[in-house]
Structures are given as C-alpha cells and as structure tokens.
Amino acid sequence: MKQLRVRILGFLTIILIIFSILFIYMASSIIERQAVTQQGNDLSVQLRTLESQLNTDDFTQETVEQISTQLEATADVVEERITLMDSDGEVLYDTHAPLDTIENHFDRPEIQQVNEGEAIGRFSRTSESTGDTLYYVATSIVNDDETLIGYLRLSKNIEDMSGMTDQLIQALLIFIVVAITVALVFTQYWTNKLTTPLNNIKTIADVLSYQDYNVRYYASSYKEVDDLGQSINNLAINLNNQMNEIKENELKLKELINHLVIGVLVVENDKSITMINPAMKNVLGAELYSKVGKAFYEGLHSSELIALIEKAMKTQTIQNKEIQLVYPTEKIVDVNVVPIISESLETINYIVLIYDITEIRRLEKVRSDFVANVSHELRTPITAVKGFSETLLDGALKDEEVLVEFLEIIYKESSRLDAMVNDILHLSKLEQRQVSDVREKVRVKEVAKEVIQILHQKIEAKHISVHLEDTDHAELYIDPGHLKQIFINLLANAVSYTPQDGEVSLSIERLENDVRITIEDTGIGIPQDQLNRIFERFYRVDRARSRNMGGTGLGLSIVKWIVENNNGRIEVESVENKGSIFRVILPISN
Ligand code: ADP
C-alpha cells in the first residue's frame, strides 16, 4: 500500500514539473516577444524623432553623405547605434563600427522591408559571435522632391530577459515545492483513508486463511471499499457455515466409526496405518494402537490379511476374503479392503473392514451338529419300533408273552421318541422366542412345590425323600413357565440319577440381588472331566443308563438356555457315587 502513496505522489510531482516547465517556456517566450515588440516600438519612435530632426530637403543622392555631420551631433546623446546608408545600401556613417569593416547593407531585411513599402523596417537578430540579440529599425531618407537619397537605421541590444525568466522560474519552483507539499499531505490523507480499511481487509483475509472465521470488517471507508469488506464478511460467514457442517459431519462419522461393531483400519497410500477404531481392538488386539503411523505389515500378524491388503493396493480393486486368525485369539473374520479413489483417479487410502464372524460360524456348526445329532438320536428308537413291529408282523404276534414284551418295548421307545421330539420342539421354540415370555412376580417355593407334586409318582417309586427349604420367602420377577421348566428338569435328573432311598434337597435363598436355587442329591454323581460337557445338547455321561431313565440328553441344555436368557448362571459340583449339587442363580428382577 506504500507503493500506492508513492505512485500517486510521484505521478503528481511529474505532472507538476512538466506543466511548470511548459508554463515557464510559454510564459518566457510570450514575455520576451512582448518585450522585444515594446523595445522595437520605442526604437521606432526614436528613429522617427531622429529622422524628423534631420534637415534633408536639399540633399541629393550625391550629397547624402553630408547628413552624417548632423548625425554626429546627435550621436553623443543617443545610446543606440546609428547607421546611415546611401540609396544603394553602402554605409556612409556608423556610430559603433569603422566604415571599412562594414559591408553593403542593401540586402538587410529591415532595408528590404522599407523598399517593399513599409514606413519602418524592423528586424531582430542574434549575433552568433556575442550571443546578443540586436533589434534593427530602418527608414528611408527622402529630399523635398520625394527622391530616395538613403536609409537611416537605429539598432539596439535588446535587454536581456533571462533575469525575468529566472524570477519566473524561482517563483514556479516555490510554487512546485508548495504544491508537492500540499499534494503530499492530501495524498497521505486520502491514501490513509483508502489504505487503512484495505489493510484491515487484508488482515481479515489473512486470519480467514488460518481458519478463524469469526473476524468481521466494520464499514469505515469509501463505499467501494466497504462493499469489498462486506463481500469478505459474506465469505467468512459462508466459510464458517461450511466449516461447521464439515465438523458436524466429521463428528458424526467419528461417532459412527467408534461405535461400529466392525473393526475399521485405514491405511495410507504410503502403507502407514492412520486410523483404528475401538472395535478393531477386539479383533486384532489392543497393541495395534501403538502401530498407528507405522507400516500396516508391522502391526498385523496374519500373512493372509497382509497379502489381501497388498492385493487391493496392487489391483486397486475391492478385496473380500474370509480369514482364520490365530492372533491374539483364534477367530474367523470376514475382511473387506476398499480402496478410496479420489476424483483425480488417484488412490488416497484403503479402508480395511474386519467383521468377526467366529460366533456366526460356531452357531452354524452347532446347528449342523444338532441336525446330525437329532437324526442319530431319533434313529435308535425308530429302528427299535420298526424292528419289533416287523418281528410281530412276521408271526411273533401269536406268542402272547413275546407280544406283550415287544409291545412294552415299542411303547417305551415311542415314549422316548415322544419325549425327545417334545424336548427338541421346546428347545427350538425357546430359541426362536416363540414361547411367550410373560414376566411376573413368582414365589419360588410355590413353583418348587408344584413340581414336586408333578413328579411325586417318580419320587415315591424310588422312595426318595425330598426336602424343601425356603427361609427367605424368595420371589423372582420371571416367566413362571421358565422357572417351572428349570425345576422339572433339575429335580427329574436328581431323582433319575439317585438310587432307591436316596435324598434330594431343594433350597431357595435370597442373596443381595439374586435368588439362589440349590438342588442337591445323593446320587451317582458325574465324573469331573465331564462336568463341563453335560450342558451340551444330547450329551450323556452314560448313554444306556440315560436312555433307560427315559432321558433325552436335552434337559440340561434347556435349563442352561433359560437361565442364561434370564441373565443368570448355572453351576455344578459333583462327586462320583456321592452326589451332585446344581446351583441356579437368577437376578430378582431383570
Ligand atoms: P438326560 O435327559 O440324559 O438326563 P440331561 O441334559 O438332563 O439329559 O443331562 C445330561 C447328562 O448329565 C445326563 O445324561 C447325566 O449323565 C448327567 N446328569 C444330569 N443330572 C445329573 C445328576 N443329578 N446326577 C448325575 N448325573 C446327572
């Protein structure tokens, strides 16, 4: 902005100087011309006076020379140069130069002008040798016959006008200095008025470039500058809005990525890891966080995963693969590597999405195992029913003893089949949540008593004594059907796997937030190494014995499912040939 001030001032100074020079030149030439004309007029008047004083009436061309006598008398009192010439232009008399040095003056312009009819011929000439400017006035001398007898000329050094021009220049110089000073002051004032708001606008633009969009321009100058400031303000407001929108979107995206259950990892073009979301910690281990900024292959332990990312980098295409990981834990993951390609078709980075599908695959396996197990379990009773009924049809029917025995077997096997199908259906209904889950306040003891009643035939048949204890009058907020199923399965097992005259005790205790149901028997117990397997579907410690008892191998898995879906847990303790203790802990209210 300083430049603008300097430029305006420089421009004004040059204009002033040029105009001043022009003015001096024109003024001095006008003054000079005026002065010369004035002096020429004065000289002409003098010439006329001199001529009138001369007595030339009786002279002829031959006697004209004698006029010089009259002139000599005058010459002493006249400063100007007086020259007398005859009618041919020969100089007869001259006050300032010896005659022999003077040439013929007939061709001189002032003489020619007289010859051409002018009363007074005038001419000014600058001497090459002295540099003086001489002004000549000439007139003709005639006698009383009006005959031209000669020429009289007066000449004078024209007064030097340079002094006057110097004064003019001095005055003009003073004028220029004053004018430049005034121009400087005004330039300073106007440029300040212009540059201060412009500097403000520049500062605002600088601040905007540092992403601070809260600065504003406040009008204080010319309309055009204020309009510019207003445009900058509009720009700042728009940028601010855009920045807020970007920040909001960034925040949303960040929240989304942080809460995704899928692991997200971003790899730059230079192979460095730039971002990892929290879910990735569960998939690839927490120490991956320390690898941010490093090459992706330093942080990953699966060569298959590294190869997949490298393939995406090489082919610039989306890659998908199911990979088995062994570190930090064994898992099956579904990996997608997505190259993010910019508008200029350059790849900016790669997003690696890892979805832990271990549980899905496990459930798939459980399901297919279940189908295999069901088919296997059903085959035994069906084969038995089919075999025995075939034998009967083949003739055994006629032997009444065999008939009754076979029919009993067929009845037993079909009952088992019925029980098994019922249990399978029950379990699948539970899993598909087709069983109504109506929670209500339930007195646990009442349900236990009801179940003892249901199973009383079985209990009495084996002379088993059942004790029920409930000192806390515990209550649960639960689906009563679920609670009943827990008691039926556990109590039925306790009775089934306890020999004649054994004991089964049920105790119900209220803990701080839970209710603990303990079912203890004095039965055959379970081997330690199989304790954690008895909750698996169709798992039975002693297959033949279980089958004999009418067991399906599904009772405990149904209990486990119900307990876990009510946010509880089931524990078991057992000593072979001494007895087992099953403990179910359920929260009072979910
Ligand atoms: P089952 O229909 O065979 O009883 P469960 O799922 O209820 O099937 O039980 C699985 C296995 O656990 C049983 O076959 C049995 O071997 C063992 N078991 C369950 N409860 C007891 C118990 N109270 N005492 C001894 N063994 C038991």
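How far is an oxygen atom of the ligand from an N or O atom in the side chain of Tyr-497? The gap is 3.0 Å. This is a predicted model, where local features need pLDDT of at least 70 and side-chain atom pairs count only at pLDDT 80 or more, while totals for chains, interfaces and linings use all residues. Residues are numbered from 1 along each chain as its sequence is written, and side-chain values use heavy atoms, with hydrogens and water left out.

View 1. For Gly-555, a polar backbone atom is 3.3 Å from a ligand oxygen. On its own the ligand exposes 530 Å², and the protein buries 97% of that (Shrake-Rupley method, 1.4 Å probe).

**View 2. The shell around the ligand.** Helix 13 (480-496), helix 15 (555-565) and strand 17 (579-587) are the elements that each give two or more residues to this shell (helices are DSSP runs of H or I with at least four residues, strands runs of E with at least two, numbered from the N terminus). In total, 19 residues surround the ligand, and the closest include Asn-493, Ser-546 and Leu-556 (a heavy atom within 4 Å counts as near).

View 3. Gln-319 belongs to strand 8 (residues 319-325). Gln-319 is buried, at 9% relative accessible area (buried means under 20%, with a 1.4 Å probe and protein chains only). Its side chain makes a 3.0 Å polar contact with that of Thr-317 (N or O atoms within 3.5 Å, one able to donate a hydrogen and the other to accept it).

Methods
Buried < 20%, exposed > 50% of the residue type's maximum accessible area, 1.4 Å probe, protein only.
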